[in-house]
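Colleague: I have a model open and would like to learn how to read it. Can you take me through it step by step?

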Amino acid sequence: MALDIIGQNWLIVPATPLLPASESSNQEWLLTLTGVCEATLTGTGLEGANNGWRTQSFPIVPDVQSPLKFALNFYGIPHPVLGPGALPVFNLGPDSAPFATVSGEFNGGVDFADPESAFAPTSWEVGTAQSTDYQGNPANQVFDELSVTLNARRLDSINRVSYNLTLRGQIVFLNES
Amino acid sequence: MAIPVNLTGQNWLITPAANPPGTATVTAAGAGVVNRGNPDQLWLLVLTGVGTLEFAGNTGTNDWLSETVRIVPDVLAPLASVSSSPVLGLAGTQLAFNLVLWAPFAAISGVAGNDGFALSDWRPTPFIPTLLDSSGKSVPQVFQGIDVDLGVLRTSVITGVSYNITLLGRIVQLGKPVFAPPASR
């Protein structure tokens, strides 16, 4: 289940000079997504398994509809009538630069700081899905989520995770109906 | 009132961004050439850095203590590097960045005596809606910095905050702020 996002921001801008309307389906975009999420991960306790460490991956699913619709309108990009038959999604190119970090943690259930409690983000990865656009063309890297793997040790409880994604790709339209 | 963060290191990057149709940047030099003097030119500005502060928890209770801190990066240097206007002009005017889109990001970069810390949210520092540019045009979304909500538990002391702010906007030459509406006749 995706993490609850407390606050999020986005910015989208053409990654190249704006292409003529006749070529706008080839337009590349730079999309920046930032935000803070609520998370819950606690280590295995003072005498817990795995030397106190617990590891779990969490999906983060930012809103991409808002920036894509903004870009289409702001830059006057020709597009099909938006709706279930043409839902705008972001099809990634080979370049993406995700980042995530722990933004909140505490020692849970005690009123002292356990010196051996600890936390660490292990990795983050952009998740994509394969699909076809509303005209039947392949869209092989549709942005789906950011997966963040976290570690908490002993009494440590991670309760906030934040992210900063810089993505390059194209706007394509899926038929969801 | 937000606590100011003492910035100890900062970096920036600025590059022209494509304009929407109808705000052409075409100059005599040809299509695609950036017109630095065009007030409609959009720019992509990235600001990164780290700063210090001392936000200590309340050791006498088990409650979280919350506070808002303010990060105000230098924008004059990047704007001056690409602008055809002087940083400080006549009549007290100066360069500023009027935002179209913004994507701030901040993180806690230093904690001492860790019992617990939290960064809950960030947002642009409230805009000054009455600002005018040197021609008298309203520029209601001039970047003023970002505000970041922090929390500490018991013995924790947050000692560092870092940021990565991506902005899209236009360079403006600010006139004097208007603090009150004109007197009615």
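Modeller: We go from the overall fold to the helix. Keep in mind that this is a predicted model.

Colleague: What does the secondary structure of chain A come to?

Modeller: Chain A has one helix and eight strands. Read from the N terminus, the order is β-β-β-α-β-β-β-β-β.

Colleague: How does the radius of gyration of chain A stand against that of a compact globule?

Modeller: Start with the rule for a globule of 177 residues: it gives a value near 16 Å. Chain A has 20 Å. Then look at the spans along the principal axes: the C-alpha trace covers about 65 × 25 × 25 Å.

Colleague: What share of the residues in chain A is buried?

Modeller: A residue counts as buried if 20 or more other C-beta atoms lie within 10 Å of its own. In chain A, 37% of the 177 residues are buried.

Colleague: Which residues of helix α1 in chain A are buried?

Modeller: Helix α1 covers residues 65-74, and A:Pro67, A:Leu68 and A:Ala71 are buried there. Looking down the axis of α1(A), you find these buried residues within an arc of 100 degrees, so they line one face of the helix. A:Ser66 and A:Asn73, on the other side of α1(A), are exposed.

Colleague: What covers the buried residues of α1(A)?

Modeller: Strands of chain A, including β1 (4-14), β2 (29-42), β4 (87-97) and β8 (156-174).

Colleague: Where is there a positive phi?

Modeller: Look just after α1(A): A:Gly76 has a phi of about 60 degrees.

Terms used. Residues are numbered from 1 along each chain as its sequence is written. Chains are lettered from A and ligands numbered from 1 in the order in which they are written. This is a predicted model: local features need pLDDT of at least 70, side-chain atom pairs count only at pLDDT 80 or more; totals for chains, interfaces and linings use all residues. A residue is buried if 20 or more other C-beta atoms lie within 10 Å of its own, exposed if 12 or fewer, and partly exposed in between; C-beta atoms are placed from the backbone. Helices (H or I, at least four residues) and strands (E, at least two) are DSSP runs, numbered from the N terminus. The arc is that of the directions from the helix axis to the C-beta atoms. Two residues are in contact if their C-beta atoms, placed from the backbone, lie within 7 Å. The radius of gyration is taken over C-alpha atoms; the globule rule is 2.2 Å times the number of residues to the power 0.38.
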